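Here is a quick tour for someone meeting this protein for the opening time. Take a look at the structure below, and then we'll walk through it.

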Amino acid sequence: MRSMDGKRFMPRIFSPKNPHYHPCFIRENRTERRNPCTHTVHGARTMARHNEVTLYGQVSSEPLLLRESSQDPNSRICRVLSSFTVIRGIRDFGAKDQRMRLDEVVVMSGNEKIMDFMKEWHLGDIVSLRGTLITNDYNKSCTCAECGHTQLYKGYSAYVYPIYVRLVAQGYTPEQGLAELRRNAEISNRITVIGKACSKPAFHRHEKSGTPISSYIIDIERKYRVKEDLDSNRHDFPAIKSYGGIAENDYLAIEEGGLVFVDGQLQVRNYTRTFICENCGAEIQKLDNVTEIVPYSTEYLTGCHSMADVMALREQIKEQQEFQATQEMFAGGGYGADGESGEDS
Ligand SMILES: [Zn+2]
C-alpha cells in the first residue's frame with residue numbers, strides 16, 4: 001500500500017478500548033523517536049536475538065476482528081485483537097508486602113491459525129499464551145476542548161504477538177478470574193529479551209518514596225517475521241523501566257549500545273499528557289498509556305560496565321556520601337553555633 005508521495009500507509013487499531021479509532025496512520029521514520037540510536041547493525045554483525053513473552057491471563061475485551069477494508073464488512077479478516085488481564089507480584093520492587101498488580105496487555109495476531117483460536121475467545125475466558133513483544137511508532141491524535149482542533153503527536157504502541165495459545169477455561173467472572181490468576185502468578189506475566197540500549201538510562205527518584213528509577217529503550221532484532229507488519233520492520237524498541245537496586249545498577253552499568261539481557265514483567269501504565277493547541281494555544285489534556293518492561297533481573301552483556309565495576313562505583317558513591325554527611329554534620333553547628341543548622345529554613 002503506497003500513497004502518491006511514496007510513503008507507506010498502514011491501517012491500524014491500537015486500543016481495544018477505542019474501537020472507533022480507526023484511521024490510517026502515517027508511518028514515521030523509525031529513527032526519529034529513538035534518536036540517538038545509531039547502534040542498529042544490519043547484516044555485518046548480527047546480535048543475539050531473544051524476545052519471549054509468557055502470559056496467563058483473563059480475556060478482558062471481546063476479540064476485535066479487523067478487516068482488510070473498514071467499509072466492507074465481508075472483506076477478509078486480517079487481524080484479531082484482544083486484551084488480557086494479567087497479574088504480577090511487586091515484592092521485588094521495594095514493596096515490603098506481597099502486593100499484586102493487574103496489567104491489561106494488548107494481544108494481536110494476523111496468523112490464520114492463531115486468529116481462528118482468538119476469534120473464539122470471550123470475555124472472562126482464561127488463556128495461556130507464549131509470544132513476542134512487538135512495538136510500532138505511530139501518530140496519535142488529541143483534540144482541543146476549546147476550539148475542536150485535532151492535532152497529531154508521535155507515540156508508540158506495544159502488543160504481544162502470540163506464537164502459541166491455549167484456552168484453559170471459559171466464562172470466569174472477574175472474581176474467579178482474579179483467584180485463578182493469583183494461583184498462577186508465577187507464569188501470568190513474564191518477558192525475557194535481549195537488546196541494545198539506545199542510550200544511557202535516564203535516572204531519577206520517585207517524588208514521594210525516593211525509590212530510584214531508571215528508564216531506557218532497547219533495540220531488539222526480530223527473530224520472526226511478523227506477516228502483517230512491514231518487511232522493513234526488523235526491530236522492536238520497547239521501553240525498560242527499572243526500580244530500586246536494579247535501577248541504580250542499570251544507571252551505572254549501561255552505556256549507549258550496550259547489550260543487555262532482561263528478565264522481567266510487562267507494565268501498562270496510564271497517564272495524562274499535556275499538549276498546547278496549535279490553533280488557539282489552550283492546554284489539551286490527553287489520557288495516554290505506555291507499555292514498559294520492568295526487570296527483576298538484568299544481565300549486562302557486551303558494551304556495558306561489569307558488575308565488578310558497578311560494585312566499585314557504588315562503593316565510591318557510598319564513601320563520598322558518608323564523607324559529605326560527616327562534613328555537613330560538622331558544618332551544621334554541632335559545636336554550639338546557633339542558627340546555622342545547615343538546612344535552609
Ligand atoms: Zn484549540
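Let's start with how the chain folds back on itself: among contacts between residues at least 6 apart in sequence, 69% join residues at least 24 apart. Two residues are in contact here if their C-beta atoms, placed from the backbone, lie within 7 Å.

A word on what you're looking at. This is a predicted model, where local features need pLDDT of at least 70, side-chain atom pairs count only at pLDDT 80 or more, and totals for chains, interfaces and linings use all residues. Residues are numbered from 1 along each chain as its sequence is written.

Of its 345 residues, 30% are buried. Buried means that 20 or more other C-beta atoms lie within 10 Å of the residue's own, exposed means 12 or fewer, and partly exposed is in between, with C-beta atoms placed from the backbone.

On the inside, the largest nonpolar core has 54 residues, and Leu55, Val105 and Ile218 are among those with the most contacts inside it. Such a core is a set of buried Ala, Val, Leu, Ile, Met, Phe, Trp, Tyr and Cys residues joined through C-beta atoms within 7 Å. Leaving aside neighbours within four places in sequence, Ile218 touches residues including Val193, Cys198, Ile240 and Val260.

Now for a hairpin. Strands E6 (residues 126-143) and E7 (residues 150-169) pair in the antiparallel sense over 18 bridges; strands count as paired if DSSP finds at least two bridges between them. Six residues sit between E6 and E7, and Gly148 in the turn has a positive phi of about 80°. Across the pair, Asn136 stands opposite Ser157 in E7.

| Pair | Apart in sequence | C-alpha to C-alpha |
|---|---|---|
| Asp137 and Tyr156 | 19 residues | 4.2 Å |
| Ser157 and Lys140 | 17 residues | 9.7 Å |

Finally, how many of the 25 residues of helix H6 are buried? The count is zero, so H6 is hardly covered. The helix covers residues 307-331 and should span 36 Å at 1.5 Å a residue, which agrees with the 35 Å between its end C-alpha atoms. That expected span is 1.5 Å times one less than the number of residues.

Terms used:
Helix = DSSP H or I, 4+ residues; strand = E, 2+ residues; numbered from the N terminus.
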